[in-house]
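Hi,

Here is the structure I said I would pass on.

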Amino acid sequence: MGDPRPGVGAGAPRLGFRTGDVVVVTGAGSGIGAATAAAAAAQGLVVSAWDLDAAALAAVSAAVRATGGVVDPHVVDVADEAAVRAALSGTRSAYGPVRHLVNNAGPSSATELDFDHAVRLCVGSVRSVTRAWLEQAPPGATLVNTASVAGTVVGTASDWYSAAKAAIVGYTRHLAAHRADVVRANAVAPGMVDTPRLRGFAESPTGQSVLARVPSHRMATPDEIAWPILFLLSPLASYVNGRCSSSTAGGTVTQ
């Protein structure tokens with residue numbers, strides 16, 4: 001049987017990517033990032049997969065290769081500009097220009113972080129990775145930033161998380177308005193996604209309360225977020241710029 005995940009199997013719709021073009025996916029070791037890396041490889045893209053967790057990155061890379069995909073893994077701290085530039089340089093040397101970028105890396109909302117440090121870490125890393133990439137981005141460059149409904153519609157108990165995700169959406173709109181000559185920029189704002197970070201949360205009283213207001217009464221799978229990310233990156237979305245796409249199964253209209 002083929003892979004049943006949307007966008008991954010042999011019968012997956014083609015989104016118009018040029019085979020062999022390169023995409024960087026940060027936070028590719030698990031969850032949304034891992035799903036995006038797998039689906040991008042199935043679309044014929046070379047995936048430069050970045051993560052801090054070397055073991056998780058190795059597992060994702062092995063899975064991509066097992067399906068015939070091409071992956072270039074790098075253990076990278078996106079807050080380390082030197083490491084970011086080294087990874088970009090390595091991928092360019094091996095596979096050519098990097099046309100697409102998915103800024104997905106970032107700490108969990110459950111992490112206890114100082115507000116000022118966390119906002120600098122989350123927003124600053126997205127900006128520094130984007131700036132380093134754009135210095136040598138080829139024509140037709142596209143990016144998608146992973147935000148959250150916590151920064152666009154609802155609030156979380158974690159003050160830094162809501163603030164940082166809102167700022168990422170603002171930065172995306174800045175790129176769309178003022179850097180449209182070099183990049184087409186969009187964002188996704190998922191709701192609850194069934195990833196290792198949220199494992200067990202759906203069974204908690206808070207999780208049950210949130211899911212009760214989602215018409216489908218379930219969390220998204222990582223693949224259900226990867227698919228919109230790939231669409232926004234693709235030529236099929238060529239007139240979509242500055243958009244923050246919520247993926248909540250209607251949850252944002254019932255809050």
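**Salt bridges and a helix pair**

There are four salt bridges in the structure (a side-chain nitrogen of Lys or Arg within 4 Å of a carboxyl oxygen of Asp or Glu). Bear in mind that this is a predicted model, where local features need pLDDT of at least 70, side-chain atom pairs count only at pLDDT 80 or more, and totals for chains, interfaces and linings use all residues. Residues are numbered from 1 along each chain as its sequence is written, and side-chain values use heavy atoms, leaving out hydrogens and water.

One of the bridges joins Asp21 to Arg99, at 2.7 Å from N to O. Asp21 sits in the segment before β1 (22-26) and Arg99 in strand β4 (residues 98-103), so this pair ties together parts 78 residues apart in sequence. (Strands are DSSP runs of E, at least two residues; helices are runs of H or I, at least four; both are numbered from the N terminus.) Arg18 belongs to a salt-bridge network with Asp21 and Arg99.

Arg85 has two partners to look at. Glu81 bridges to Arg85 with the closest N and O atoms 3.1 Å apart; the two are four residues apart in helix α3 (residues 81-95), about one helical turn. Glu135 also meets Arg85, at 2.8 Å, N to O. That pair links distant parts of the chain, with Glu135 in the loop between α4 and β5 (142-146), 50 residues from Arg85.

Finally, the axes (lines fitted to C-alpha atoms over the stretch in contact, with angles from 0 to 180 degrees between N-to-C directions) of α4 (residues 115-134) and α5 (residues 159-178) come within 9 Å and cross at roughly 25 degrees.

Cheers
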